Structures are given as structure tokens and as C-alpha cells.
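Hi everyone, thanks for coming.

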Amino acid sequence: MKNYSWLLLPGLLAMGQPALAQEAANGASASADVPFVTVGTDIDGYWTDLFHEDLWDRRSGLLVGDFTGLPLNDAGKLAAASWDPGWFAIPEEQCRPHTGIYGLRGPTGLQIAKVVDPLTYQVQRFDILLGLSERTIWMDGRPHPPEYAPHTFAGFSTGVWEGNALKVTTTHVKAGYLQRNGPPHSDQAITTEWFIRQGDTLMLVALIDDPGYLAEPLMRTTNWALDKVEARGGGRGQVDCGPFQVVDERVGQPKHFVPHYLPGQYETHKEFQTMFGIPQEAAFGGTETLYPEYMPKLAELQAALLKRTTAARPPAGRTATVGRTDFLGEWQLNRSQSNFEVSWRREGLDGRDGSAPERRLMRISSVEGGAVSFVIDTQIVANDTGTFRVEYVAKPDGSDAPVKGGAIETFAVKRVDPLTIERTGKIKGAVVETGTWTLSPDGKTLTVTTKGQIGDQAYSNLQQFERAGN
Amino acid sequence: MIKRVALLAIASTLVSAAVAGAQGQRGVDQGPAPNVPRTLRAAAAIDLAGTWVSVVTEDWRWRMMTPPRYDYAAIPLNAYGRQVADDWDPAADAAAGLQCKVYGAAAGIRNPGRLNISWVDGNALQIQLDAGTQTRVLRHGARPAAGEPTWQGQSSAVWEFPESSAPGASGGAGRGGRGGRVPTGMLKVVTTNMRAGYLRKNGVPYSEKAVLTEYFVRTTAPNGDTWLVVTSIVDDPMYLNEPFVTSTHFKKEPDNSKFAPTPCVAHK
């Protein structure tokens, strides 16, 4: 029998050649004579969100009045500032889908499905499936509808390949929002998008041109990682929402009332400005704020804001009417010096223990009648609730005071000594939480130890707070 | 049976050679075909040269100003990374001459500023960043990194084309191709040997073991504006739980008159 195996050798050698080009993609020097490689462009499949930028916008929600990074024009700023979070709760809006402009920014993975014409075998369209915000990108060369055609939440999208980028143009979208705290886009907005596969990452470059509310087109990018476990698919598929899912979330509110802030009534918006030391001029966005030249001006505005804030604050001790005056002021949680234990497991987006809040700011101030006002704002990354507030006004005599926000119904605050207070929380009259607040002798650090159990969930923590700018 | 195997092998040889040809390659001994560009510049899929200004529409609060201490949200730091970040001491950085830690390759491009991109030679692009007065060189065929790590590390670059528009392919887009299609593709850059630095101004670290993979993409808007988008994927086994992915965009400027180098600053 003759040996023909040598005939296999050239074939095997030739088959190995494309690998050299791929090596170049990895930065190897083996194919220095070939300064390019070819890559696949497939975008269809399952993709998992990456929240490594614009986290607050896309995941946990932004504070009222945070329009940083948006090239809003005057009309855009006015409309954005009028938005109240309660808007999402009115019956007319509870089932409203995101528009095509915001939909891909939301916290859901996506599936991109390529649909082939059964007669021509040409790609007819891509379907982007993400629950309530499905989109179709027509690839068959059909024109956009005439100007008078009805607008839809998804809009009308056509696509064309430009090399390794799928370029998509979307018109006929209904008016909506650019992000979930109110900045609007009009129904005249036109979006140009590029879907680009980069290894196992999918990047979407989106350019939103809206003469209604933007002073210049808004460019932003969104990234996903290839989801190789298709069965996971969680969060995908149609979301039921209709008359049977709509509930009255704002009991007692007049019918058809639309929550809003009137022009100039921006007290709530100042929380964001105070929390991060960003003056309103910058917080409300605008073209100027997007460019490097704005940084020196921002620094000046921040210095002026700090000066105004400091000047407006009474000298320490003047407002004291109860207890140790040094408790009064703003306190910022020092997360690295704090410890949170819970009987259930939570994991944060950044891999940390999700039981620990990302940010907590307490404002303690005196009010008339010898009482003390406690306002505690907490921002948690691990879920989608954004910032929540607990507030109460209590006399430091151990009497129960009603609580607004949170599960606990009353807090009793009792001064033990000038550096110590005790706090007791109750639900339906039963004690569910106890805590001790201890002020350091120099008044710079506040240590809070808490232990509680609500239902079957037990928790304990040691929180260390530092004075925040006062 | 043996004849079938032999014919199959010959057919396989022909098909594989055709595939290699479509990718601009010939036999290992022969080098690239005459019509296939041999340098990075000749194969350029897109024109990256010029001055580009960052337009900060994303992560504004983390980029236009220094975030508060402990604000590491969105960065997949592991426990050790958090511990190092917690110990951030800008005064100590300044005293030690480490003001440039946030201007290194892994994150320098996130600093608001301008890029000036130009060709150094046929196989190397240079990126000058005015924020921190830094210079990067993206070279095709860079040898494996050696020597002391630097802020900008050592970068190896290669163009990535879709098969339909690769240089040398029918209708290919590169200068070596026969043209006729939209010239597009992207530059992939892998950077190693970086000196340890910061991913965010408030001391979020990356280590010398980090590997940075970038994709440079150029698009043209309907209004004629030209945009550069750079995807940065930082893989750092020391401080990150998973690769950290961001995309940063720049608008092209008509000239470099606004390019204004500033020194490194240890942020407070």
C-alpha cells in the first residue's frame, strides 16, 4: 500500500496561514509584514449590558436636576427642570415604552435577530428585542415614510453596512426622554447610530440630532459584552403592561394631575448640586459645559458656590437648642470605615457587598421647639431605586416621632450624654431596631452602631460618618 | 479511498490558499502580494490624523471634576483594588513626583482635552494628548514589551477590516485595494508595560500587569461633523474583577490652534 499522507501536508500548512493575521490582532509581531487582519461583523445574538460608564443614568437612576453632559438648549433645560419623578407613577405613563432613543440605554440585555427574506436570502431586517422597547431596522432599502406619517415609540429605522459598522438612521419617533430624570427629546429628533462589533464587545455609537431641545447633536456610546449563555436570556421578551397592570400609585391625587416643578422652583434640584458641589449652571448642562475649556470656569463656579454655601451656614453652635451642638451639620458616610452585616446576601455592581450603600448623607439640624431634624439620603448601586430619603423630626427626650420614608414607622431619639444619643425604631409599636450614635471628642467623626430585625431579615452595622464641608 | 483523501487534501490546499489571499496574505515564504499594503499607513482603513477634541457627554461628573474619595461606582474593582483606592493620597503622589498617574495610557484618554494624531513613519501613529502633555506611539509590529514600564506603555497596532473590504480583496477599501466601497475599518491597539496609574481621578488604581485593548473608529455625522470613538478595555488581574470597558468620543477640529498642553496635576 502506498503512503499518500504527504499530500495532506500542504493543505495543513495553507490552513494555518489565516492564524498569522489573527496574531497581528493580538499585538504579536509574527506577522509584521501584514498590518491588517479581517474580522467578523456579526452583531446578531445575545448581548449583556456593561455599565462601566453612565452608571447612574442607565442603572440606578439620576437625581432630579442632574443634566450634566447634555447639550440642552434653553427649551430643553426648562422642560427638563420641570420634570418630577412622580411623572412615571401617573396612570397614563405607567405603561409607556421607552422610545427608540432611550430604549437601548436601559438596564436590560438585548437580543439582536437577523431576519432573512425567504425568497432572496438577503437580510431583510434586524430585530432588536428588549421587552417593551423593541425596534426593527430595515435592511432592504425601503425609504423612510413621508413626513406626515404617524410617529411611534420605536421610530422608523433603516440600516446599511459601512464596512464593519451597521449604520442606522431613525426618524418618526414619538417625543420622549434622553435619560430617566426628565431631559426631553422631541418628535423631530433624528438618530444616527453605528453598531460595531469589537471582538466580544458590541459598541453602539448614537448621535441624536434634536432641534427642539438640543443646541447641538448629542453623541453617546453604549457597550455590551457577548452573552455566550443564550439560555440566560433573563429580562428579555415581552413585558406585560396594560390596563390590568396600571395601579393608583398616588392615592388622593386629582385625576389627570401631572407632577411637575414650575420654572424657578428648583429647591429639590439643589440636592444634587449640594451633594456634589456642582452649581446649577453646570448641572443643567448646555453645549459650553461639554468641552475642556469649561473646566476652569467650572472650578471658579464651584469655588463661588462653596463660598456662598459657607457664608449662608450659621456659625457652629448658634443654632443649638438641644443636646450637643456638634451633632448638627452634614455627615457623609465613610464606606471604607464602615461595616454592614445582613442575613441575606446582596452583591453590588462593583462587586462589593450590596448591603453597604454606595453613598449616604445625613443632615442634622435644629428646629423650633427643641427638636432636631434628621434627613438621611441613601444611594444604593445594587438595585434600581436610586436615592431614597428617610426623614423625621424628633425631640431628644425618647419620645416617638413619625418617620417619612423607609420601613420603620417611628424613631425615638434620646440624649445619653453630650457625645452620645440612642435611637430606637418601631413598627406598629414594637421595637425592631436600636442604635447608638457616638460623636468623637473633636466633633469630626460620628459613629453609628445599629442592630435590627424586620420580619425574617436581620441586620447590624457600624457606620462611620465624617463631617461634609461644615 | 486513498485517492479521495489525496484529492480532498489538494482541494483543501487550494481553498485555504484562496482564503489566505483574500486576507491579503500569501505563502509564508513569499510575503504579501504586490498589491497588498505592507505598512500600517499604506493599509490605513480610516484617516485618524488631525486634532480631536473630547466632548464630555458621558461620566461628566467623574471626568470634568475630581470625584469624591470612595466614589468608585461603575468600576469593577476587586477587594484589593478598593483597598488601594481607599488609601489614595494625592499629596503623597505629588511629593513623589507621581502627578501623571491619571494621565497614563489606560485612562488618559478620558481626561477632557485634545488629541493630536499624526504619522511618525509608515508603521507608527503618534497621539499627543494636551491633558498632562503626554505622547503615545502606536506601532505595527512592535516587539514584545521590555524594560521599565512607562506611563504610556508599549502599543502594538493593526487594522481590522471586514472581509469584504480588506485590502487586496475584491472591492477592498484600503489603499492597496481596488477601492469603490466606503473606506472603513478600525484600528486595534494593544498596550502593555504600563506604569501603574489611576483609572479615575480619585485614585482608582490599575497595575503594571494591566493590558489595554483599544479600538479606534471614525464616523461622519449627517451634518458633516467627523467623530473619533475610542473603546478602551482595561484588563487588570490585580485590581479588577472583570475588564473595564469605556468608549470615549472626540470631534474633529479644523486645525490644532486650540491644542494647549498642560502639565500633569495630582488631583485633590
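Let me start with a question: does H172(A) count as buried or exposed, and how many C-beta neighbours does it have inside 10 Å? Before I answer, please keep in mind that this is a predicted model.

Here is the answer. H172(A) counts as buried, because it has 20 C-beta neighbours inside 10 Å and the cut-off for burial is 20 or more. You can find H172(A) in the loop that links β7 (165-171) and β8 (176-177) of chain A. I picked H172(A) for its backbone: its phi is positive, about 55 degrees, and it is not a glycine. As a reminder, most residues other than glycine have a negative phi.

Now let's step back to the two chains. Chain A contains seven helices and 23 strands, while chain B comes to four helices and 11 strands. In chain A, 36% of the 470 residues count as buried. For chain B, buried residues make up 54% of its 268 residues. If we take contacts between residues at least 6 apart in sequence, 51% of those in chain A join residues at least 24 apart. The corresponding share in chain B is 63%.

Let's go on to the sheet in chain A. Which strands form the closed barrel? The barrel has nine strands, in the order β2-β3-β4-β5-β6-β7-β10-β11-β12 of chain A, and the pairing is mixed. On average, neighbouring strands of this sheet are turned by 30 degrees against each other, direction ignored.

If you zoom in on β5(A), you can see both kinds of pairing. On one side, β4 (residues 123-129) and β5 (residues 135-138) of chain A run antiparallel and are joined by four bridges. Within that pair, D127(A) stands opposite T136(A), and I128(A) has R135(A) as its bridge partner. β5(A) is also joined to β6 (residues 156-162) of chain A, this time in parallel and through two bridges. There, I137(A) is bridged to S157(A) in β6(A). In general, strands of a sheet pair through backbone hydrogen bonds.

A quick stop at a helix. Which residues of α4 (residues 74-81) of chain A are buried? They are G76(A), K77(A), A79(A), A80(A) and A81(A). Part of what covers them is β9 (184-185) of chain A.

Last, the domains. The assignment for chain A gives domain 1 (45-226), domain 2 (273-312) and domain 3 (325-467). Between domain 1 and domain 2 of chain A, the C-alpha centres lie 29 Å apart. Their contact takes 12 residues from domain 1 of chain A and nine residues from domain 2 of chain A. And what is the make-up of the domain 1 side, by class? Where domain 1 of chain A touches domain 2 of chain A, there are six nonpolar, three polar and three charged residues.

Key:
Residues are numbered from 1 along each chain as its sequence is written. Chains are lettered from A and ligands numbered from 1 in the order in which they are written. This is a predicted model: local features need pLDDT of at least 70, side-chain atom pairs count only at pLDDT 80 or more; totals for chains, interfaces and linings use all residues. A residue is buried if 20 or more other C-beta atoms lie within 10 Å of its own, exposed if 12 or fewer, and partly exposed in between; C-beta atoms are placed from the backbone. Two residues are in contact if their C-beta atoms, placed from the backbone, lie within 7 Å. Two strands pair if DSSP finds at least two bridges between them. Axes are lines fitted to C-alpha atoms, for helices over the stretch in contact, and angles run from 0 to 180 degrees between N-to-C directions. Domain bounds come from an automatic or database domain assignment. Ala, Val, Leu, Ile, Met, Phe, Trp, Tyr, Cys and Pro count as nonpolar, Asp, Glu, Lys and Arg as charged, and the others, Gly among them, as polar.
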